[in-house]
Amino acid sequence: MARLAALTWPEIEARAADSVLAVPIGSTEQHGPHLPLSTDTDIAVALCERLAAARDGVLVAPALAYGSSGEHAGFPGTLSIGQAAVELLVVELCRSAFDTFDRVLLVSAHGGNHEPLTRAMRLLRAESRAVQLFCPSWDGDPHAGHHETSMMLALTPEHVRMERAVPGDLRPLAEIMPMLRTGGVRAVTDTGILGDPTHADPAIGRQLLESLGAALLHEFTTWLPSEPS
């Protein structure tokens, strides 16, 4: 598996025509009292690395660790650049990447990035650029709950403080969405958790990562059926 940042420019020049650049996009935002602020970024990187291990010709770019996280304002440590900045940043980053690569894959593990990334992709495609967006999703706890905690236990257990894990707001997302839109996560939970992480399991996390990785591989293969050449 090749990381772009570890290569030299002549090495990249020799591989660019046969490579797809995969860009992990996450956030720096609160994930309850038990998960690190890097959670979304860590998951995006893990999925890109899984894809690179499964398909030749995928180079993994350094992750974008800042996103549109305004809904998490009020929790210390959250650093949001907003939707407009995310859209502009990704458009300009991809335009630069297309000086070298013919294809760019965006993998975002933060839901708040979806709208600006979709707009960025549409603009880039209107410029006849080959860009694809993958946003992993799952049924169940939407934020810092059972699923994200299980995945982080599988990826970096040393960064998970399970002794601090507590149940958060357990209502269905559709029920609390109006409050989230007007008041952010603070309006519904003091812990920043939507769901219940207390029974998280690394085995479940590995299964979910495998499932999300398979979904990414399927979408990638549908977008690019044969190996780059």
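Which residues point one way from E2, and which the other way? Val 20, Ala 22 and Pro 24 point one way, Leu 21, Val 23 and Ile 25 point the other, and all are buried. The views below come from a predicted model, in which local features need pLDDT of at least 70 and side-chain atom pairs count only at pLDDT 80 or more, while totals for chains, interfaces and linings use all residues. Residues are numbered from 1 along each chain as its sequence is written, and side-chain values use heavy atoms, with hydrogens and water left out.

**View 1. The open sheet has five strands in the order E1-E3-E2-E4-E5, with parallel pairing.** Strands (E, at least two residues) and helices (H or I, at least four residues) are DSSP runs numbered from the N terminus; two strands pair if DSSP finds at least two bridges between them. Strand E1 (2–3) and strand E5 (130–134) are the edge strands, each pairing on one side only.

**View 2. Strand E2 (residues 20–25) runs parallel to strand E3 (residues 58–60), joined by three bridges.** Val 20 has Val 58 of E3 as its bridge partner, and Ala 22 stands opposite Val 60 in E3. E2 also pairs with E4 in the parallel sense, over five bridges; there, Val 23 has Leu 106 of E4 as its bridge partner. Six of the six residues of E2 are buried (under 20% relative accessible area; exposed is over 50%, partly exposed in between; 1.4 Å probe, protein chains only), so E2 is largely enclosed by the rest of the structure.

**View 3. E2, H2 and E3 make a right-handed β-α-β unit.** A crossover is right-handed if, with the strands pointing away from the viewer, the path from the first strand over the helix to the second runs clockwise.

**View 4. Strands E4 and E5 run parallel and are joined by five bridges.** In this pair, Val 104 stands opposite Val 131 in E5. The chain crosses from E4 through H4 to E5 in a right-handed β-α-β crossover. E5 is mostly covered, with four of its five residues buried.

**View 5. The largest nonpolar core has 28 residues.** A nonpolar core is a set of buried Ala, Val, Leu, Ile, Met, Phe, Trp, Tyr and Cys residues joined through side-chain atoms within 4.5 Å. The residues with the most contacts inside this core are Leu 47, Leu 105, Val 107, Leu 216 and Phe 220. E2, H2, E3, E4, helix H5 (146–155) and helix H7 (202–223) each supply at least two of its residues, and the largest share, six residues, comes from H2. Leaving aside neighbours within four places in sequence, Leu 216 is in contact (heavy atoms within 4.5 Å) with Leu 47, Cys 48, Leu 51, Leu 105, Val 107 and Phe 134. A second, separate core of 25 residues includes Ile 12, Ala 61, Phe 101 and Leu 133.

**View 6. The structure holds zero disulfides.** A disulfide is counted as a pair of cysteine sulfur atoms within 2.5 Å. The closest cysteine sulfur to that of Cys 48 is in Cys 135, at 11 Å, too far for a bond. For Cys 94, the closest cysteine sulfur is in Cys 48, at 12 Å, also too far for a bond. Cys 48 counts as buried at 0% relative accessibility, and Cys 94 is buried with a relative accessible area of 1%.
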